[in-house]
Amino acid sequence: MAFFQMAATSLANLFRRPATLMYPVKPRIYFEATRGHISIDSPKCIHCTICAKKCPTDAISVDRPNKVWTIEHLKCIACGSCIDNCPKKCLHMEKTYREPVDVAGKNNLTEVHRGA
Amino acid sequence: MADEIIRITKDELPAKVSSFMASGYRLVQICCVKDPAGKEPAQRLEMNYSFDRDYSLSTLKLDLSVGEQIDSITPVCAAAYLYENEIHDLFGIRIDGISVDFKGTLYKVAIPAPFNPAGESSKERY
Amino acid sequence: METAATPKHTVIPFGPQHPVFPEPLHLDLVMDDETVVDVIPSIGYIHRGLELLVEKREFPEMVYVAERICGICSFIHALGYSQAVEEIMKIDVPPRAKYLRVIWSELSRIHSHLLWLGLAADAFGFENLFMQSWRARELVLDIIEETTGGRVIFGTCKVGGVRRDIDADTLNRIIGVLDGIERDVRGICEVFIKDSSVKHRFCGVGVLSKEDAMTLGAVGPMLRASGVAYDMRMKEYAAYGDLSFEIPVETSGDCYARCAVRIREIYESFSLIRQAAQKIPGGEISIKVLGAPEGESFMRLEQPRGEVVYYIKGNGTKYLSRFRVRTPTFANIPPMLHVLKGQELADVPNIVLTIDPCISCTER
């Protein structure tokens, strides 16, 4: 049996810098590959509805006759299935997470794009 | 190390399971499949009992029709009670003689036998 | 149901919310003073009916549902589903994809075992050790986020291969970071193995004999700590056939033995990742999948918690007809209930935690 096995680690930690980041004050560093949220390059979209069919959570809905593309960000799981299947490559994965919604309705979580 | 599948009937099940347990096999899983699958209520169900020894899997398959009753294998194989309770809750098959019987309260589901809705045997015990 | 309870016994409800549990599980402990006489379990708090979603999601999209069955063992669920469908459709995955799958599986195993070590330390009150284990785990999660995009849900395995590649520079840098993590982890694990307060709480508690482990259907570290050398990685799925590793086995069958088995598995995982990074070949990372699966297959893999069985049945259309997952915690619940009888109340959290309960996997 050994006593005070943890003492060395505890003492070393007293002098190491903290492992946590002072988050809202210091910004988070995102990796290049992080799956944050989906964004669309709206002029390129041809409203073929493939992304809506492939979405596992039904977060994307496309109104083909009226040329409207909608995504509900709260339902989106950022899997990238829509990006893989889009024939015009107009969907992209952004690396930051979305900001929280605020009372004034800014940063609304349902994004609607109307085409020409 | 090859896996094998053995088709048996409902009456041969206790003897086969006893012989597996006596020769050192362990229970791996018990599964139930709807046949055919889809939204129509199934009239035929298939039960799979899998046993394993030295990394090779032997599966016993038997066919049941909806409304048929089957005996539990827990007298021979003590670990089977959770699987049999789950199959009763989700598919509505009547299994008699389970050693620890939850009587339908293992999962709280909105409709009885959700994996095989409107099947005849789902009217038992609710 | 009948139990051993009599009017002089008290029944103490344990769970569903308890500081040691990552997920809700309810046990009614029938106590005679401070000793447990009988246990009545009640699960079903997280039953989501995920297996029924095969009727509504086509088989390439079902992999996203499969990996979200559980947050801690997520990659291996996606891997098992993909391998089972690939076996039915007779698709041969390119070798580079197999090695990448091994690297991510072993990273998944390291982060899951470090999470368990932290919870085990928290279960007997050693908060300092809990925080140190999770601090080391954060470095592993950073590696995972850098290579796959998500901290716990990887989203990289698909039917036919993997979706992302790791290039050679990143791989070398990751091996360098892993060396630093391994030094920290060895320091933490020395405390688990040698410290007297840990031994006092773990030795001799919750003993499971070899015969009981086999007849009650125990899997994973619970089986290996009772003296049975059984590991599904010996079936040589993915690239495990080309890599060499040892199966850690202990014989005493108590909580200390299970802790030691998991610690040795972490060291084996570090060695496996290094071997895979050296031997990884170049080439494609996925192949195109055409058609629909028809037939059935059983696929068994080794999750951090034990042996997991996937049964998939396809009927020739894009929707599978049955997807059944038998997770290791489901098989470990009967041995846990058997071991709890006769123990003291203060040891109950330790014993429940030694099976590494992942209830969201159990109930899908």
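So, the sheet in chain C: it's an open one, three strands in the order E6-E7-E8, with antiparallel pairing. Strands and helices here are DSSP runs, numbered from the N terminus, at least two residues of E for a strand and at least four of H or I for a helix. Two strands pair if DSSP finds at least two bridges between them. At the edges sit strand E6 (294-303) and strand E8 (322-326) of chain C, each pairing on one side only. From one strand to the next, the twist averages 10°. That angle comes from axes, lines fitted to C-alpha atoms (for helices, over the stretch in contact), and angles run from 0 to 180 degrees between N-to-C directions.

Before I go on, two housekeeping points. This is a predicted model, with local features needing pLDDT of at least 70 and side-chain atom pairs counting only at pLDDT 80 or more, while totals for chains, interfaces and linings use all residues. Residues are numbered from 1 along each chain as its sequence is written, chains are lettered from A and ligands numbered from 1 in the order in which they are written, and side-chain values use heavy atoms, with hydrogens and water left out.

Back to the sheet. E6(C) and strand E7 (residues 306-315) of chain C run antiparallel and are joined by 10 bridges. If you want one pair to click on, C:Phe298 has C:Tyr311 in E7(C) as its bridge partner. Then there's helix H2 (residues 74-89) of chain C, which packs on the sheet and touches E6, E7 and E8 of chain C. The direction of H2 makes about 145° with that of E6(C). By contact I mean heavy atoms within 4.5 Å.

On the chain C side 40 residues are in contact with 41 residues of chain B. The size of an interface is often given as the accessible area lost when the parts come together. For chains C and B that's about 3400 Å², with 58% of it on carbon and sulfur atoms; the figure uses a 1.4 Å probe and is summed over both parts. In chain C, the residues losing the most area to chain B are C:Tyr230, C:Phe298 and C:Phe330, together 17% of what that side buries. Chains A and B, on the other hand, have no contact, and their closest C-alpha atoms lie 19 Å apart.

Chain A has an open three-stranded sheet too, in the order E2-E3-E5, again with antiparallel pairing. Its edge strands are strand E2 (60-63) and strand E5 (110-114). Ignoring direction, neighbouring strands of this sheet are turned by 10° against each other on average. Strand E3 (residues 68-72) of chain A pairs with E5(A) over five bridges, and A:Trp69 stands opposite A:His113 in E5(A).

The grid is 1 Å over the protein atoms alone: a cavity is where a 1.4 Å probe fits but cannot get out, a pocket is an open set with protein on both sides within 12 Å along at least five of seven lines, and lining residues have an atom within 4 Å of a point. Points are joined across faces, edges and corners, and a volume is the space filled by probe spheres set on them.

The largest pocket has a volume of about 1200 Å³. It has 27 lining residues, and those closest to its centre are A:Ala19, A:Leu21, C:Glu138, C:Leu139 and C:Asp142. Helix H4 (127-148) and helix H5 (168-194) of chain C each give two or more residues to that lining.

The second largest pocket holds about 520 Å³. Closest to its centre, out of 19 lining residues, are A:Asn85, C:Pro60, C:Lys158, C:Val159 and C:Val289. H3(A) gives the largest share of the lining, three residues.

The largest cavity has about 100 Å³ of space, and of its 14 lining residues the closest to the centre are A:Cys45, A:Cys48, A:Cys51, A:Cys86 and A:Cys90.

Definitions and conventions. Buried area = accessible area lost by both parts, 1.4 Å probe.
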